[in-house]
Amino acid sequence: MGRAQRRPQSPQYQQGYEQGQAYNPNFTQAQAQGYDSGYSSGQVYGGAPQGGGPGGPSGPGGPGGYGARPSGPAPDWRKRIKIGSIVLAVGALVWGVGTYAWASSQMRNEVDLSKVIERPAEGDCTTYLIVGSDSREGMTAEEKKKLHTGSAEGKRTDSMMILAACSSGNTMISLPRDSWVTIPSFAGSESGKTYPARGGAKLNAAYAMDGPELLVRTVEFNTGLRIDHYAEIGFAGFANIVDALGGVELNIEQGFKDKKSGADFQAGTQTLDGEQALAFVRTRYAFAQSDLQRTKNQQKFLSALAHQAATPGTILNPFRLYPTLGAGLDTLIVDKDMSLWDLGQMFFAMKGISGGDGKSMNMPLAGSAPQNSLKWDMPKVKQLVDQIRNDQKVTVEADR
């Protein structure tokens, strides 16, 4: 057979086919016209014309269509942003006030400086006496072994320094615990009884005799500088603060080892955890000038710790702020008049020193004294105190 002849298409089929429709022998002309109307406006085959054409309920111009405009007024984004900002600000304020109240309640305001007698006149700078004690309070036997603290009863001063926060620049002055000083007459912190002056003794003997109040009295008597605030922390609290911060980065210029403190350091920049930090600030037998080098290490580390603690990354991050405050505040002993704000100012002053805004130094020394102690260079001490009291830039230099 030859090729089959092509059957002529009906007008109805031709009209539907040209409009993109499938062949349907039962498709009427009226249906074709209705379908054409819907199809040409983008509908799927079989859709009803109502609601599908331009202006219909779900068409491009209808209220529910993809091109529809909202029936109500456009949202006021400026108003929404303003309200959101207010909500965030109120939330931050509530969080800040709550944190401040909680932290303040954790502070141990135990030292009563009103019991210190015959005090020098106030100066233009704010002064802090910062003490590191060898207190093992709250430590388990395992912690004492880990931190190489031993198990001695009571507590003694392991480090002492004056921090002067001045508008002319901050100054941190280490007081060697072997300093030879006069322990003056004093009123007992517990009994109120007056005790006569003792004469020459090592500085750390004052704390052992009657605690923080006599130590403040002795420092004031021998320097002529009034101490505004007192802050003391023990071994455990110091190590816990360092660990809560995630360690403290420090550049150790020369490596050293010390079996007694557990120190074993290589030279270079490294991050010290709580155990290592405590070993670093306590080491004395690894150095020729044991007490003097140790005070320099203590200043260096405290400045680095403050620099890391007093940063937005710690202060504004509750996951770092609360552990840090919780680790330190319940072991930090301060005077009765010291607020959380004062404590913050102390940390920022120490941070300023590590950032170059101020200086750190040992108390000027003039040589040796009885019992292998250290004698202060009193003319330089007087000049140093006068500069701090009058908020002048400190120009005194220590020879050691």
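A salt bridge is taken here as a side-chain nitrogen of Lys or Arg within 4 Å of a carboxyl oxygen of Asp or Glu; by this rule the count comes to ten salt bridges. The model is a predicted one, in which local features need pLDDT of at least 70 and side-chain atom pairs count only at pLDDT 80 or more, while totals for chains, interfaces and linings use all residues. Residues are numbered from 1 along each chain as its sequence is written, and side-chain values use heavy atoms, with hydrogens and water left out.

One of the salt bridges joins arginine 119 to glutamate 220, at 2.6 Å from N to O. Arginine 119 is in the loop between β1 and β2 and glutamate 220 is in helix α5, so the pair ties together parts 101 residues apart in sequence (helices, H or I, of at least four residues and strands, E, of at least two are DSSP runs numbered from the N terminus). Glutamate 220 is buried, at 2% relative accessible area, whereas arginine 119 is partly exposed at 24% (buried, under 20%; exposed, over 50%; partly exposed, in between; 1.4 Å probe, protein chains only).

A second salt bridge pairs arginine 284 with aspartate 178, with 3.2 Å between the closest N and O atoms. Arginine 284 lies in the loop between α7 (274–282) and α8 (290–309), and aspartate 178 in the loop between β4 and β5 (180–183), 106 residues apart. Both arginine 284 and aspartate 178 are buried. Asp178 and Arg284 also belong to a network of salt bridges with Lys202.

Of the 20 residues of α5, 16 are buried, so the helix is largely enclosed by the rest of the structure.

The structure holds one disulfide (a pair of cysteine sulfur atoms within 2.5 Å), formed by cysteine 125 and cysteine 166 with their sulfur atoms 2.1 Å apart. The torsion about the S-S bond is about 120°, so the disulfide is right-handed. Cysteine 125 is buried at 6% relative accessible area, and cysteine 166 is buried at 11%.
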